[in-house]
Amino acid sequence: MTTRHAVATASAPSPVSARLGAALAPPLAAAPAAPSLTTRLWSQGLKREHGFEPLEIEGVIPAELRGTLYRNGPGQFEMDGTRYTHPFEGDGAITAVRLGGGAALGASIITPTAGLIEERAAGALRYGQAAPWWRRVRNMIGGRRKNTANTSALVWQGRLFALMEGAVPTELDPRDLSVRGETALGGVVIQTFSAHPHRVGARRAIYGFGLEYGRTTRLHLYELPDAGAARWIGSVVLDAAVMLHDFIATDTHLVFFVSPARVVVPRMLLQLGRFEDLWKWRPEHGTEVICVPIDRPAEVVRFIVDAFYQWHFASAFTRAGELVVDYVRYPDFDSFGQIGRYLSAPATAEDQMLTEGRAHRATIDLRARTLRSEPLLDRPVEFPTVAPGREGTADPTIYLAFDDLRAIGRLDPRTGAVVSHELPATQRVTEPLFVPRPGATADDDGHVIALCHDDPSDRAFLAIYDAARLPDGPVARAWFDHQVPITFHGTYAPDPLL
């Protein structure tokens, strides 16, 4: 095990000289409190960019872990001294860890998208709500926007993509994370492709969606098969321009909870205010449940229920004419503004912005057009995932970050039983991913990996857990020599893509 810290020492002053110095020194103003680790993760950019290089290993990396973890999130929060107005506007950074032979190589690079290259050449912001007002209006009229590629990573047919929900995918070279360019996946994608694609193993395909904004808002549906070209499935006309962050897929249906987080059209057209000011929570409209049969996309089932919000889904499956959906439910849209305060007012940002999300199970009766949602446990959760191959199947174990990123664990949705590891108070965890052992059939026969953040050392590390022994803590850590800003989502490719 390698030593992570060197400590410098110096001889202390005598008590007499210390008292004399204190008496002669002028009174000092109280120093402002240092930003919390959570605030820094959501507001401080990547300090060092680099390609793949050896990471410092603590413990022993399991020999069966041979693959690459790709994580994506905002890595730059300002341009030429001007701060962005919301973390969601940040320029994306891919952080990757390549595992094999008991070693780990790490890379962390801000993705040089076309918009970012343009801004760097100009030395000034040209996109986003912190850009000059006249330029924002001109961008709106001309339909110009910056693809920040800052939310998720997708591996499909050996290709790597950085995703954000307001643009087409950005293809990267998996060998060195360099940009190959934007792609509409063979001309299939219309305007945008969601940052939350979901795979259904039984159908041997990944599903996604995209919103097309205009005089009419359309929800476009896409299929990315394991073999063959991407295809457009169909579209659904929405009643309003909304923020739609995620969805879920079963082996028969694509399911959407369209919450009433609506675009404020006058503000959007005139480009007034910060990023978060462009949306408003309108609970009087309720949440629309939309269920699209994959093989009969014109036979849509849709109905309205009382308003709620969700950022992320865990899984879903079909059961005797019903759809069962596991997701993280919020009472409203307040968390969107709370995230924004990490940049707009970091001194007052609360260090508990994901505390209202609760794991829920919704049961949708397609014939009766009803939804019944019940909590699975009363504990803050976020960033749910399930084991590869278990998407779309009944009752998969859900892996989660608990307590505003302070713990990692799993939830049995049938019993509500939780197994977790509480991180030290000075650390935070992000979205956990389960990596099964070769030939595994159980949901805990493998390892859980998660990118974590350490406050005292100001460094990020990959934590590797034995999934069956989560409370024991990581069996290994692979340390970067620097901190990494918050990452939202990622994926693990079982073999190095070289």
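How many helices and strands does the chain have? In this predicted model, the chain comprises six helices and 35 strands. The C-alpha trace spans about 85 × 60 × 45 Å along its principal axes, and the radius of gyration of the chain is 23 Å, which agrees with the value near 23 Å that a compact globule of 498 residues would have. Of these 498 residues, 56% count as buried. Among contacts between residues at least 6 apart in sequence, 60% join residues that are at least 24 apart.

The nonpolar interior was examined next. In soluble globular proteins, nonpolar side chains tend to be buried together. The largest nonpolar core contains 52 residues, of which Trp279 and Phe333 touch the most other members, and the element that gives the most to this core is strand β27, with five residues. When residues up to four places away in sequence are not counted, Phe333 touches Met243, Ala261, Trp279, Trp281, Tyr309 and Trp311.

Strand β27 also takes part in an open sheet of four strands, which has the order β26-β27-β28-β29 and antiparallel pairing. The edges of this sheet are formed by β26 (381-386) and β29 (418-422), each of which pairs on one side only. Neighbouring strands of the sheet are turned against each other by 20 degrees on average, with direction ignored. Within the sheet, β27 (residues 398-402) and β28 (residues 407-411) run antiparallel and are joined by five bridges, and isoleucine 398 has leucine 411 of β28 as its bridge partner.

Glutamine 271, in the loop between α5 (265-270) and β19 (279-281), counts as buried because its relative accessibility, 6%, is under 20%. A polar atom of the glutamine 271 side chain lies 2.8 Å from the backbone oxygen of methionine 268. With neighbours within four places in sequence left aside, glutamine 271 is in contact with Gln129, Trp133, Arg136, Val137 and Met140. Threonine 363, by contrast, is placed in a strand, β24 (residues 358-365); at 7% relative accessibility, threonine 363 likewise counts as buried. Leaving aside neighbours within four places in sequence, the contacts of threonine 363 are with Arg319, Glu322, Leu323, Thr370, Leu371 and Arg372.

Backbone geometry was considered for two leucines in loops. Most residues other than glycine have a negative phi. Leucine 177, although not a glycine, has a positive phi near 70 degrees; this leucine is found in the loop between β10 (170-172) and β11 (179-182), and its relative accessibility of 4% means that leucine 177 counts as buried. Leucine 185 also has a positive phi, of about 55 degrees, and is located in the loop between β11 and β12 (198-200). With a relative accessibility of 8%, leucine 185 counts as buried as well.

Terms used:
Residues are numbered from 1 along each chain as its sequence is written. This is a predicted model: local features need pLDDT of at least 70, side-chain atom pairs count only at pLDDT 80 or more; totals for chains, interfaces and linings use all residues. Side-chain values use heavy atoms; hydrogens and water are left out. Two strands pair if DSSP finds at least two bridges between them. Axes are lines fitted to C-alpha atoms, for helices over the stretch in contact, and angles run from 0 to 180 degrees between N-to-C directions. Buried means under 20% relative accessible area, exposed over 50%, partly exposed in between (1.4 Å probe, protein chains only). A polar contact is a pair of N or O atoms within 3.5 Å; within protein, one must be able to donate a hydrogen and the other to accept it, and residues adjacent in sequence count only if both atoms are side-chain atoms. Contact means heavy atoms within 4.5 Å. A nonpolar core is a set of buried Ala, Val, Leu, Ile, Met, Phe, Trp, Tyr and Cys residues joined through side-chain atoms within 4.5 Å. The radius of gyration is taken over C-alpha atoms; the globule rule is 2.2 Å times the number of residues to the power 0.38.
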